[in-house]
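The sequence and the structure are shown first.

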Amino acid sequence: MAGRGVVPPAAVTSLEGLVPPCGMAGWLYRVSCPSGIAVLSHPSPAALPTGARSCGEYVRGVEVSRCGAWLRIERPSHRLKVLSSSSSHASGDEWVALVGEPEPPLVRVEATDVEHSA
């Protein structure tokens with residue numbers, strides 16, 4: 001049976017390796033929605049789901065949609081390795097919603113927060 005014994009990659013729950021080097025663009029966010037968030041192929045609620053991120057997981061944003069409601073996130077390197085051989089969406093973008101009800105699904109991690117966690 002295909003996929004037997006395959007363990008999904010661990011969630012990124014540490015800031016290690018996610019903080020961009022000086023001069024590199026991007027924003028760091030933590031998933032705050034208790035049920036996690038869906039990762040979509042395009043910045044649209046009707047887009048194809050390509051995965052999910054769990055509550056407490058960190059993501060690095062690299063682009064915000066024109067309307068400001070969507071964030072394109074960088075795919076963690078360990079997920080790239082797993083997805084590149086098993087998913088037709090491995091080379092596509094990953095988008096998550098920045099707005100939600102009753103609270104935002106993501107919380108921005110400020111530079112001062114990162115400095116205090118080191």
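## Basis of the report

The structure is a predicted model. Every value given here is computed from that model.

I37 lies in strand β2, which spans residues 37-40. Its relative accessibility is 9%, and because buried means under 20% relative accessible area, I37 counts as buried.

Beyond its neighbours within four places in sequence, I37 is in contact with V31, G51, A52, R53, V96, P105 and L106. I37 and C55 are 18 residues apart in sequence, while their C-alpha atoms are 7.7 Å apart in space.

A search of the whole structure gives 5 salt bridges. One of the contacts of I37, R53, takes part in such a pair: its side chain meets that of E57 in a salt bridge, at 3.7 Å from N to O.

Both partners are buried by the 20% cut-off. R53 has a relative accessibility of 3% and therefore counts as buried. E57 has a relative accessible area of 1%, so E57 is buried as well.

## Salt bridge: R60 and E74

R60 and E74 form a further salt bridge, in which the closest N and O atoms are 2.6 Å apart. This pair links distant parts of the chain, 14 residues apart: R60 belongs to strand β4 (residues 58-64), and E74 to the loop between β5 (70-73) and α1 (77-86).

The two residues fall into separate accessibility classes. R60 counts as buried because its relative accessibility is 7%. E74, with a relative accessible area of 30%, is partly exposed, since that class covers values between 20% and 50%.

## Salt bridge: R75 and E94

R75 is joined to E94 by a salt bridge whose closest N and O atoms are 3.3 Å apart. Here too the pair links distant parts of the chain: R75 is in the loop between β5 and α1, whereas E94 is in strand β6 (residues 94-97), 19 residues apart.

With a relative accessible area of 12%, R75 is buried. E94 counts as buried at a relative accessibility of 3%. Through salt bridges that share partners, R53, E57, R75 and E94 are joined into one network.

Key:
Residues numbered from 1 in each chain as written. Predicted model: local features only at pLDDT ≥ 70, side-chain atom pairs only at ≥ 80, totals over all residues. Heavy atoms only, no water. Helix = DSSP H or I, 4+ residues; strand = E, 2+ residues; numbered from the N terminus. Buried < 20%, exposed > 50% of the residue type's maximum accessible area, 1.4 Å probe, protein only. Contact = heavy atoms within 4.5 Å. Salt bridge = Lys/Arg side-chain N within 4 Å of Asp/Glu carboxyl O.
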